[in-house]
Amino acid sequence: MLERLNQAMEHIECRLDRRIEGADLARIALTSEYHLRRLFSALAGMPLSEYVRRRRLTVAGAEVLAGDRTLSEIGVRYGYTSGEAFARAFRAVHGVGPGEARRSGAPLQSQPRLSFRLTVEGSSSMRYRIVQKDEFRVVGRKARVPLVHLGVNPAIAEFVRGLGQETLQRIQSLSDQEPQGIVAVTDNLDPSRAEGTDLDYYHGVVTRAAAPQDMDALTVPAGSWAVFGNSGPFPEALQYLWRDVFTQWFPSNPYQSRPGPEILRTRLSPDATRADAELWIPVERTPA
C-alpha cells in the first residue's frame, strides 16, 4: 500500500503544471478516491488538495525568484486564470506577493515532497471486529457543525446541552440494535476533511423504527462495518482512535473505507474525564 501511495506522490510531482485528477491518483494507489483522500489526510495531517496546492506554489515560488518567466506566465503555468488569483494564492502560502518576492528576494515557505515509509509502530494491538448490518436508520436530532480535529467540539457540546433530558430519553427509547444507546454520528463531511469545514452531526440512535415527526432521520444502506474499541482520557483517546484507524489499521488490513456515516458510541466515567468508546467505520474489502 505504501509503495502505491508513493507512486501516486510521484505522479503529483510530474503534473504540478497540469491538471491532477483524484481518480487517477486512486487508480495508481489501487484504492477508491474516497479512501485515498481520507487516508492521505490522516497520514499527512493535511487534505490532499492542500498538499497539491502547496507543492505547486512551492515550485512556483522558485520560478518567481529565478526571474526567467513573467509573473503572469508562472501563474498560468500553475493553473491560475488571473494574476490576481495567483497573487492571492501565493501570498496565502508565502506571506508575500509574487511581485514583492521577486523585487526583494524575500524568504519563501517550502512544502517538502511527501513520501511514506514504514516505521515500527503498533506495538499495542487494536481491538476490532467486522460486522455486517442490514439497512438501518439513525434517528435523533441533527445540526450542521464545523469539524474540530482535537479537543472538545464546542458547537456539538452546545447543541447536545440544548436538547434536554426529556428529548434524550425519547431518542434513547428508539434504540433497538447495535450500537446500543445514544450515539454520535457524523455524515456529509467535506472531502478535504479540513479543520473548520462543516459536517452533519446526529445525536441519535441506530434503529429500524420510523422517525417521529419532530426528529431527524438518516437512512443507512446495508454494508460492512469495522468496529474499533478503546478506553482512555476524554476526548483525546477518541480522536487518537480515529487517527490510529487510518494510520495503522487500514494500511495493515485488506479493507478500505467506503462512503457512509461514522458512528461513535461513548460511555463517560462519572467525572467525565475518561471514556470507553466504540467507533464504527463503513468499510469494504480492498479489490484484489
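Me: Before we start, what do buried, exposed and partly exposed mean here?

Reply: Buried means under 20% relative accessible area, exposed means over 50%, and partly exposed is in between, with a 1.4 Å probe and protein chains only. The model is predicted, so local features need pLDDT of at least 70 and side-chain atom pairs count only at pLDDT 80 or more, while totals for chains, interfaces and linings use all residues. Residues are numbered from 1 along each chain as its sequence is written, and side-chain values use heavy atoms, with hydrogens and water left out.

Me: Thanks! Why is Arg113 called partly exposed?

Reply: Its relative accessibility is 47%, so Arg113 counts as partly exposed.

Me: And what makes Glu13 buried?

Reply: Glu13 has a relative accessible area of 16%, which is why it is buried. Across the protein, 44% of the 288 residues count as buried.

Me: How do you know that Arg113 and Glu13 form a salt bridge?

Reply: A salt bridge needs a side-chain nitrogen of Lys or Arg within 4 Å of a carboxyl oxygen of Asp or Glu. For Arg113 and Glu13 the N to O value is 3.9 Å, and their side chains meet in a salt bridge. The two partners sit in distant parts of the chain, 100 residues apart: Arg113 is in the loop between α7 (98-104) and β1 (127-133), and Glu13 is in helix α1. As background, side chains of opposite charge can pair when their charged atoms come close.

Me: What about Glu50 and Arg54?

Reply: Their side chains meet in a salt bridge with an N to O value of 2.7 Å. Both lie in helix α4, four residues apart, about one turn of the helix. Arg54 has 27% relative accessibility, so Arg54 counts as partly exposed. The structure holds 18 salt bridges, and Asp17, Arg18, Glu63, Arg69 and Arg77 are linked in a network of them.

Me: Why are α4 and α6 called roughly perpendicular?

Reply: Angles under 35 degrees count as roughly parallel, over 145 as roughly antiparallel, 65 to 115 as roughly perpendicular and the rest as oblique. Axes are lines fitted to C-alpha atoms, for helices over the stretch in contact, and angles run from 0 to 180 degrees between N-to-C directions. The axes of α4 (residues 48-66) and α6 (residues 83-94) cross at roughly 100° and come within 10 Å, and the two helices are therefore roughly perpendicular to each other.

Me: Which residues make that contact?

Reply: With contact meaning heavy atoms within 4.5 Å, the residues include Arg53, Arg54 and Leu57 of α4 and Phe86, Ala89 and Phe90 of α6.

Me: Lastly, how do α1 and α2 pack?

Reply: Helix α1 (residues 2-14) and helix α2 (residues 22-29) pack at an angle of about 145°, with their axes 8 Å apart.
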